[in-house]
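Welcome! Please take a moment to look over the sequence and the 3D view before reading on.

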Amino acid sequence: AQKNYAPAQVRMGQYCENWEKQLRKSKEEEALQWYQKAADQENADGIYHVGRCYGKGIGTDWDEDTAYLYYWDAEQQGHLPAKLARGRFYMEGFRGVRGGAKKAEKIYQELVAKEYVPAMKELAWLYTYDMYGMQDAEKAKALFLKAAYHGEGDASAFKELAKAYMWGSFRKNRWGNPWINSEEEQSLKAEEQKEAVYWLTR
């Protein structure tokens with residue numbers, strides 16, 4: 001890292017960021033410095049991590065505009081996590097942009113087309129809840145399973161699918177509400193719990 005090797009600088013940044021809690025503040029600042037050194041050499045990982053630091057207030061003040069610019073720069077080098085982070089920004093209402101969920105959907109779809117597993121799960125959650133006006137339970141389930149079985153597999157996708165069932169998230173106008181009243185809802189909830197247990201044990 002001291003010899004200006006960018007990948008090593010990124011690793012040093014990660015090492016500092018995960019330091020013990022009592023030293024975390026100073027180490028987070030050091031982490032950002034290492035990431036910045038890598039970014040200054042146009043290293044995509046370094047650029048992405050600098051953006052992440054600004055986006056989460058790690059070693060610096062929170063600044064979503066600066067974070068977005070770094071994510072964009074890393075994305076121009078084909079950095080998939082940076083593109084995913086940009087999609088999350090829109091989901092979280094970045095700059096008060098209207099239709100942020102639709103912008104995020106487009107980004108996630110582009111990443112899914114590249115077989116990027118984290119984007120499969122993000123898009124699945126977007127289709128799970130009805131709060132965005134894009135609820136599609138079948139698409140969501142298919143994406144969770146695509147992520148779970150892709151390549152070597154992502155077991156966390158099974159857990160996320162189970163969580164969606166457990167919270168009743170696939171139901172219209174439910175948005176994960178666990179409280180039930182009618183007999184019909186109780187029966188539906190029982191079926192959802194069965195599905196949740198099934199996927200939790202995969």
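Which residues does F144 touch, not counting residues up to four places away in sequence? In this predicted model, the list consists of K121, A124, W125, T128, A157, E160, L161, A164 and F170. Let us first see the whole chain and then come back to that part of the fold.

**The chain as a whole**

There are 10 helices and 0 strands here, and from the N terminus on the elements read α-α-α-α-α-α-α-α-α-α. The chain has 202 residues, of which 45% count as buried. Among the contacts with a separation of 6 or more, 46% are between residues 24 or more positions apart.

The largest nonpolar core holds 56 residues. Within this core, the members that touch the most others are Y71, L123, L143, F144 and F170. Helix 7 gives the core its largest share, 8 residues.

Helix 7 (residues 117-128) also meets helix 9 (residues 155-166): their axes come within 11 Å and cross at roughly 10 degrees. Angles under 35 degrees count as roughly parallel, and helix 7 and helix 9 are therefore roughly parallel to each other. On the side of helix 7, the contact is made by K121, W125 and T128; helix 9 brings S156, A157, E160, K163 and A164. By type, the residues of this contact are 3 nonpolar, 2 polar and 3 charged. Now recall F144, whose contacts include K121, W125 and T128 as well as A157, E160 and A164.

The side chain of N43 reaches the backbone nitrogen of D45 at 3.2 Å. Leaving aside neighbours within four places in sequence, N43 is in contact with A6, P7, V10 and A38.

What about E191? The C-alpha atoms of E191 and M166 are separated by 9.6 Å, and the two residues are 25 residues apart along the chain.

Note on methods:
Residues are numbered from 1 along each chain as its sequence is written. This is a predicted model: local features need pLDDT of at least 70, side-chain atom pairs count only at pLDDT 80 or more; totals for chains, interfaces and linings use all residues. Side-chain values use heavy atoms; hydrogens and water are left out. Axes are lines fitted to C-alpha atoms, for helices over the stretch in contact, and angles run from 0 to 180 degrees between N-to-C directions. Helices (H or I, at least four residues) and strands (E, at least two) are DSSP runs, numbered from the N terminus. Angles under 35 degrees count as roughly parallel, over 145 as roughly antiparallel, 65 to 115 as roughly perpendicular and the rest as oblique. Contact means heavy atoms within 4.5 Å. Ala, Val, Leu, Ile, Met, Phe, Trp, Tyr, Cys and Pro count as nonpolar, Asp, Glu, Lys and Arg as charged, and the others, Gly among them, as polar. A nonpolar core is a set of buried Ala, Val, Leu, Ile, Met, Phe, Trp, Tyr and Cys residues joined through side-chain atoms within 4.5 Å. Buried means under 20% relative accessible area, exposed over 50%, partly exposed in between (1.4 Å probe, protein chains only). A polar contact is a pair of N or O atoms within 3.5 Å; within protein, one must be able to donate a hydrogen and the other to accept it, and residues adjacent in sequence count only if both atoms are side-chain atoms.
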